[in-house]
Amino acid sequence: MVKRNRLEVIRDILEILQKNRQVKITHLIYKANLSNNSIKPYMEYLLKNGFMQEVSDRDKKFFKITPKGNEFLIEFSKMKIFSESFGL
Amino acid sequence: MSFTLSLGRFYGIDSLIEVLIILVAIVISLYSHKIYKIIKEQNYKYFSWAFLFIAVSFTFKILSNLTIYQRIRIERINFVYTVFSQPNYMQILNFISFILYNIFYLLGFLILFLILTKTDKKEKIFLYMYLSIIAILFSIYFNFIFHLTLILILVFLTMHFYENYKNHRTTNSILVYIAFLLMLISHIFMVFSDVHSLIYMISEGLMLIGFLFLLTNQIKLKKFTYNYGKKKQARSNKRYLRNTAKK
């Protein structure tokens, strides 16, 4: 299996969030195929940049994608197409 | 000091083609720079530089076209003496713009070659740069040397883009492959451009079509946002707003 780069991991997390209304951290770790420790810097990055937001529901923490996160996903797909077309 | 500019041999058609090429090269350069600003990956920065250099080179080519009738025929070994002993400033301007076109153009394609072949060893880069300088110096006396060097670089680039197309099999990758194939054919024609002026125009036309293929690639990227992105984004944003309103 090819190792994902930083941006691809971010894309995977955002895609999981986009497909679901709100996601628990354990679900995110499982779906994104990451460990408890390795997901932390990505979560910090996504929250800090406003790509996702934390919500509390019955004392449980959930995460959901923001419109900015959606825009980033589209931009990412475009960047990937550009990169693939030139073989960069 | 007198300034005598002309539209050149083809009533400025070749210069018009070059303006279009400059615009396409700038669009690609800006997009690559945008990616670099987001990802911070060096490859995209150099890729952006490569297309920027190509755009700059064509600007000098236009200047060279406008002063084409002032071109100096260099027959002496010491070209610096030949050029700067000429009393006509326009001849000097033509020579300098022509040389700068050669430098920036070759540098642009060389950077593309270095990025795509993933050459990162300093010794190799130095050697390629040195050989390019030699090619530019030789092209002062024999113009076809410049085109032969570019043909060599473009052969490798075209091969790379063909391999890339085979790996991805996407419309975008075939567009880039065809674009560089046309640029290669254009330079093959350019070697014989002194034989007949029509060959020069065919070469310019092929170069323009090549860059238009690259522009199509960029336009397809824009369309992708509209076709694919909007639906998904709208659905997700709607959900986001609904949930925020509930709170």
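Q: In chain B, what share of the contacts with a separation of 6 or more comes from residues 24 or more positions apart?
A: This is a predicted model, in which local features need pLDDT of at least 70 and side-chain atom pairs count only at pLDDT 80 or more, while totals for chains, interfaces and linings use all residues. Residues are numbered from 1 along each chain as its sequence is written, with chains lettered from A and ligands numbered from 1 in the order in which they are written. Two residues are in contact if their C-beta atoms, placed from the backbone, lie within 7 Å. For those contacts in chain B, the share from residues 24 or more positions apart is 67%.

Q: Which pattern do the elements of chain A follow along the sequence?
A: Elements here are DSSP runs numbered from the N terminus: helices (H or I, at least four residues) and strands (E, at least two). Chain A has four helices and two strands. Reading along its sequence gives α-α-α-β-β-α.

Q: How many helices does chain B have?
A: You won't find a strand here, as chain B has zero of them. From the N terminus on, its elements run α-α-α-α-α-α-α-α. So, going by the definition of a helix as an H or I run of at least four residues, the helix count for chain B is eight.

Q: Is Phe213(B) buried or exposed?
A: Look for Phe213(B) in helix α8 of chain B. A residue counts as buried with 20 or more other C-beta atoms within 10 Å of its own, exposed with 12 or fewer, and partly exposed in between. Because 20 other C-beta atoms lie within 10 Å, Phe213(B) is buried.

Q: What separates the C-alpha atoms of Phe213(B) and Leu175(B)?
A: Leaving aside neighbours within four places in sequence, Phe213(B) is in contact with Leu175(B), Ile178(B), Ala179(B) and Leu182(B). Along the chain, Phe213(B) and Leu175(B) are 38 residues apart. Their C-alpha atoms, though, are separated by 5.7 Å.

Q: At what angle do the axes of α4(A) and α7(B) cross, and what does that make α4(A) relative to α7(B)?
A: Axes are lines fitted to C-alpha atoms, for helices over the stretch in contact, and angles run from 0 to 180 degrees between N-to-C directions. Angles under 35 degrees count as roughly parallel, over 145 as roughly antiparallel, 65 to 115 as roughly perpendicular and the rest as oblique. These two axes come within 8 Å and cross at roughly 40°. Therefore α4(A) is, relative to α7(B), oblique.

Q: Which residues of α7(B) make the contact with α4(A)?
A: On its side, α4(A) brings Ile81(A), Glu84(A), Ser85(A) and Phe86(A). Facing them, α7(B) contributes Asn172(B), Ser173(B), Leu175(B) and Val176(B).

Q: How far apart are the axes of α1(A) and α4(A)?
A: Helix α1 of chain A covers residues 6–19, and it packs against α4(A) at an angle of about 130°. The residues in contact include Leu7(A) and Leu14(A) of α1(A), with Phe72(A) and Phe76(A) among those of α4(A). The distance between the axes is 10 Å.
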